[in-house]
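Subject: Structure handover

Hello,

Here is the structure I promised you. Please open it first, then read my notes on the two ligands below.

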Amino acid sequence: MKALFVASECVPFVKTGGLADVVGALSSALAAEGVEVRVLLPAYPAVKAALPASTTTVSPGRLPGGRARLIAAEAAGLDILALDAPRLFARPGNPYLGPDGKDWPDNHLRYGALCRAAARIAQDGLAGWRPDIVHAHDWQSGLVPAYLKLGTAKAAANTPPVLMTVHNVAFQGLFPAEAVPALGLPARGFTPDGFEFFGQLGFLKAGLVYADRLGTVSPTYARELASASFGMGLEGVIAHRRAELSGILNGIDLETWNPASDPLIAAPYAAGRLAPKAKSRKALADRFRLEDSGAGPLFCVVSRLTRQKGLDLLLEALPRLLARGAHLAVLGAGDGDLEAAFAAAARNNPGRIGVVIGYDEALSHLMQGGGDAILVPSRFEPCGLTQLYGLRYGTLPVVARTGGLADTVIDANAAALEAGVATGFQFSPVTAAALGDAIERACDAFTDRKLWTAMMRRAMKQPVGWESSAAAYAKVYAEMLEARA
Ligand code: ADP
Ligand code: GLC
C-alpha cells in the first residue's frame, strides 16, 4: 500500500514540537507494515539544505501563491516530496512565525499551496506513483480532503481516501472569509456544514468535515475531543463523527531515544545496569549549576512554555518542591511571561533551580538521561512525548491525568504499588495543589530506594515504540480502502 503523508514538520528537518517526531518516526515504522510512505513537506530552507543534490523535480501546476515545483528525494531514510515555492517558504527559523513573533500574514496561501499540491498528487499521481491513501496531519493539511471532495462528484469518487489526524485541536488554522476565493475553494463550502467556522475559514474544520476517517493521538484525547471542555468549538463536528474517529497512541523512535546507546548522555545505562545514570545526573546538575546532594529527586521539564503545558501551576507549586529538598532543571521556550518567571525562579533559588531558555535537542537527551523525574502538568495533552522518553530512560513521569498522559503512565497509588505495576505519578484535577501533592508523593517514593528502582525498571520495560500503533494505522488505512471498494 502507498500512503502520502502531508505535514508541515518532520524530524530531522524541521521541528517545533511532537508533530515532527511523529511524522518522521511513524512514516518509517509503517514500512514494517508494508506501507510505503512519501512525506510531502514545504521546502523550507532547512528542508532544502538536507536534500541531496541529485533530485528530480516536477511541476504540481498552478497553486495558491504562484508557481512551484516538487523536489523528490531520499533523505534521512525518508522519501521526501518537498514543495519548493521560494516566495512562500524561503524563510528561515520557525515555520509559522515571522521575525515579529506573529503568524506570517500569508499562512493561508503557504499551507493552502501545500494542500493543493497534495490533492494534485493524490488525484493525478506523480511519475508512476499514486498514493492509495492520504494521511493529513493537523490544520496545515486540513484542506486536502476539501480540494478532493469539492471538485466534481466523478473526480471525488476516483481520489484516494483521506485520514485526518488531529495532533492538537488548539491550532485550527482560522482565516478571514476572503481567503476562500484566494485559495480557489468553492463558495458553496463556506457553511457551518462545510469549512466555515463561525464566519471564518477553518483549515482543521475542513479536514474534520471532508476526510474519510478521523484520527487523534491517544484514546483518552479521542474521547475528550468530543466534549466542550476540550473540543475548542469543534466538539460538535467531532462528536457527530465519533464512530469514524480512532485514538491511536504515539510511539517514540527507539533508536534515537535509547539510554543504552545515546551519545548525548554521559554514560550508557539500561534497566539491568542503572548505576551509570548517576553520571548523567551529575553532568545535568553541573550544566544547570545545581548544588545537588542527591538527597531529593532532580525534577526536569522539557517543554514549550505555553498555557497548554500548565507550567504556571509548577511555578505556584515550587515552594513545596523546594521544601522537600528537591531540585529542578527546566529547558523550554515560549510565552515571554513564563520564560521571565522561570528565569526569575532560577535567580531567586541559585543551586536549587536551573533554567535554560531556548530549544536544545541535545540537552533534552541529557535531561532525560540525568533526571530522576520529568514533570508534565499539562491542562490538555493529546499524547505527549516527553513522558514516553521519561519512561524509556527511567526518569519517572509526574503527569496530569489528561489525554495521552493518562493513557501512558500508571499512577503509584496503593493498589498499583501492591500489584507491582506503577510507572509514575498522576494528578487530577489539574491544579497547583494537586501537582504539589504529586511532587510530594514522588519525593516520598524517592526516599525508598527499593521502590524507586523497581519503578524505574518497570518504566524502562514499558513498550513505547511504534510497533502496535503502526499496525493500528495500517489497519485504519486498510479499512478506508475497503470502504471505497
Ligand atoms: P508538543 O508537541 O505539544 O510540544 P510533545 O510532548 O508531543 O508536545 O512533543 C514535544 C517535543 O519537543 C519533544 O520531542 C520534546 O523533547 C521537544 N521539546 C520541547 N521543548 C523543547 C526544548 N526547549 N528543547 C528541546 N526539545 C524540546
Ligand atoms: C501535539 C500535541 C502533543 C502530541 C504531538 C504529536 O503537538 O500537543 O500532545 O504528542 O502533537 O502527536
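Which helices and strands each supply at least two residues of the shell around ligand 1? They are α1, β13 (298-305), β14 (327-334), α15 (361-370) and α16 (386-392). Helices (H or I, at least four residues) and strands (E, at least two) are DSSP runs, numbered from the N terminus. β13 gives the largest share, three residues.

Some ground rules. This is a predicted model, where local features need pLDDT of at least 70, side-chain atom pairs count only at pLDDT 80 or more, and totals for chains, interfaces and linings use all residues. Residues are numbered from 1 along each chain as its sequence is written, chains are lettered from A and ligands numbered from 1 in the order in which they are written, and side-chain values use heavy atoms, with hydrogens and water left out.

Ligand 1

The shell holds 21 residues. A residue counts as near if one of its heavy atoms lies within 4 Å of the ligand. Lys15, Gly18, Arg304, Lys309 and Gly358 are the closest. By class, five residues are nonpolar, nine polar and seven charged. Here Ala, Val, Leu, Ile, Met, Phe, Trp, Tyr, Cys and Pro count as nonpolar, Asp, Glu, Lys and Arg as charged, and the others, Gly among them, as polar.

Taken alone, ligand 1 exposes 560 Å², and the protein buries 93% of that. Areas come from the Shrake-Rupley method with a 1.4 Å probe.

Ligand 1 lies between domain 1 (2-251 + 467-484) and domain 2 (277-460), because both give residues to its shell. The domain bounds come from an automatic or database assignment.

Ligand 2

The shell around ligand 2 has 13 residues. His167, Asn250, Glu381, Cys383 and Gly384 come nearest. Five residues of the shell are nonpolar, six polar and two charged. Helix α1 (residues 18-29) gives the most, with three residues.

Side chains reach oxygen atoms of ligand 2 as well. The distance is 2.5 Å for Glu381, 2.6 Å for His167 and 2.8 Å for Asn250. On its own ligand 2 exposes 310 Å², of which the protein buries 93%.

Where does ligand 2 lie relative to domain 1 and domain 2? Both domains give residues to its shell, so ligand 2 lies between them.

Best wishes

Technical notes. Polar contact = N/O pair within 3.5 Å; in protein donor to acceptor, adjacent residues only side chain to side chain.
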